[in-house]
Amino acid sequence: METDDFLAYLCNVKRYSPTTVASYAGDLCQFIEFCEKVENVNEWGSVTPLVVRHFEVALMSGERKGEGVKNEKGGKPLSAKTVRRKLSALRSLYRYLQREGKVESSPLDLIIPPKVGKKLPVFISDDEMDKLLDKQMEHVEFSGFRDFMFLMVAYYTGMRAGELENLKVLDVDLAAKVIRITGKGNKQRIVPMLDDFVEAVRVYFVQRKFVMEKEGGCNHSFFFITDAGRPANEKYIYRHVHKCLEDVKGLPKRSPHVLRHSFATALLNNGAGIEAIQKLLGHSSLAATQVYTHNSFEKLKQVYNQAHPRAYKC
């Protein structure tokens, strides 16, 4: 049960990021282990819907037969969202195998994935975001100002953590006041830059150049760098953003994605159209963007209470 050709297809044809391809590889490897050690199945064409169903139940129940299905959570039941992701990877593989003529049908056609309860995105309010940025901007040394830029770039552009990691200096056009973002599937989008954002980037570029020259031997074009001048990877960015967001009290999650949610929610609350937000976020489907409309309900309540003629009589 090989997956090399499929993973190469995801990388070279679908242009998925290395992180996404690695995720597919891990999910498929887990299923292969289950098939071989638990179900005694060694060919993709021999996998039945019942085998897939057994795999799904094992993941969600936490019960591990034999030596199969060992996961990062040490045998604990996995969430419906995680199980759906693993089944989605398997479904994509079988679509590929069918196109290549290696199997006649997909056992996933008869599998109903577990339902996932909808969770509203965690976001930071406009006022809290203003306080956070004002506080972080007080840093004079490079490391503090660089961390401020993590927050500013994510909140002003809605970038994902991986997009922050891959951002290059040449992607930022200060003269035109735009920033070019390469997202999932190497799809590119353009986001405008506000004047204070442009000025902050100018200052950052001066500090970045000084650190690069001071460290010596650092010759790369990545926008974000570590204190030693090396490219800042996704884990590094996450760690520093998490630390900065500790200043926001009561925030249940502290990640770059919270800033992305805050970006989208702020735009929607201040009158931006859902289609425009979709383009700025780089969503391929409008359905992915519509989740932010739920966060705007309180804003709609305010408008309703101010505008409805009967509100004044209550």
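**Salt bridges, core and surface charge**

Tutor: D27, R85 and K86 are linked in a network of salt bridges. Keep in mind that this is a predicted model.

Student: Okay. How many salt bridges turn up in the whole structure?

Tutor: A search of the whole structure gives 13.

Student: What about R53, which residue does its side chain pair with?

Tutor: R53 forms a salt bridge with E56, at 3.1 Å from N to O. Both residues belong to helix α3 (residues 49-61) and sit 3 residues apart, about one turn of the helix.

Student: Then E56, buried or exposed?

Tutor: E56 is buried, because its relative accessible area is 2% and the cut-off for buried is under 20%.

Student: Next one: how far apart are the closest N and O atoms of R202 and E199?

Tutor: They are 3.4 Å apart, in a salt bridge. R202 and E199 both lie in helix α8, again about one turn of the helix apart, at 3 residues.

Student: How accessible are those two, R202 and E199?

Tutor: R202 has 38% relative accessibility and counts as partly exposed. E199 is also partly exposed, with a relative accessible area of 45%.

Student: Changing topic. Which residues touch the most other members of the largest nonpolar core?

Tutor: M149, V153, F223 and F224 do, out of 47 residues in that core. Elements supplying at least two core residues each include α5 (126-136), α6 (142-157), β2 (178-182) and α8 (195-215). Helices α9 (234-244) and α10 (256-269) also supply at least two each.

Student: Which of them gives the most to the core?

Tutor: Helix α6, with 11 residues.

Student: Last thing, the surface. Which residues gather in a patch of positive charge?

Tutor: The patch is made of K14, R95, R99 and K187.

Student: Where does R99 lie?

Tutor: R99 is in helix α4, which spans residues 80-99.

Terms used:
Residues are numbered from 1 along each chain as its sequence is written. This is a predicted model: local features need pLDDT of at least 70, side-chain atom pairs count only at pLDDT 80 or more; totals for chains, interfaces and linings use all residues. Side-chain values use heavy atoms; hydrogens and water are left out. Patches are made of residues with over 30% relative accessible area and no salt bridge: like charges are joined within 9 Å, nonpolar side chains (Val, Leu, Ile, Met, Phe, Trp, Tyr) within 5 Å. Accessible areas come from the Shrake-Rupley method with a 1.4 Å probe; for residues, only the protein chains shown count as cover. A salt bridge is a side-chain nitrogen of Lys or Arg within 4 Å of a carboxyl oxygen of Asp or Glu. Lys and Arg count as positive and Asp and Glu as negative; His and the chain ends are not counted. The place of a charge is taken as NZ of Lys, CZ of Arg, CG of Asp or CD of Glu. Helices (H or I, at least four residues) and strands (E, at least two) are DSSP runs, numbered from the N terminus. A nonpolar core is a set of buried Ala, Val, Leu, Ile, Met, Phe, Trp, Tyr and Cys residues joined through side-chain atoms within 4.5 Å. Buried means under 20% relative accessible area, exposed over 50%, partly exposed in between (1.4 Å probe, protein chains only).
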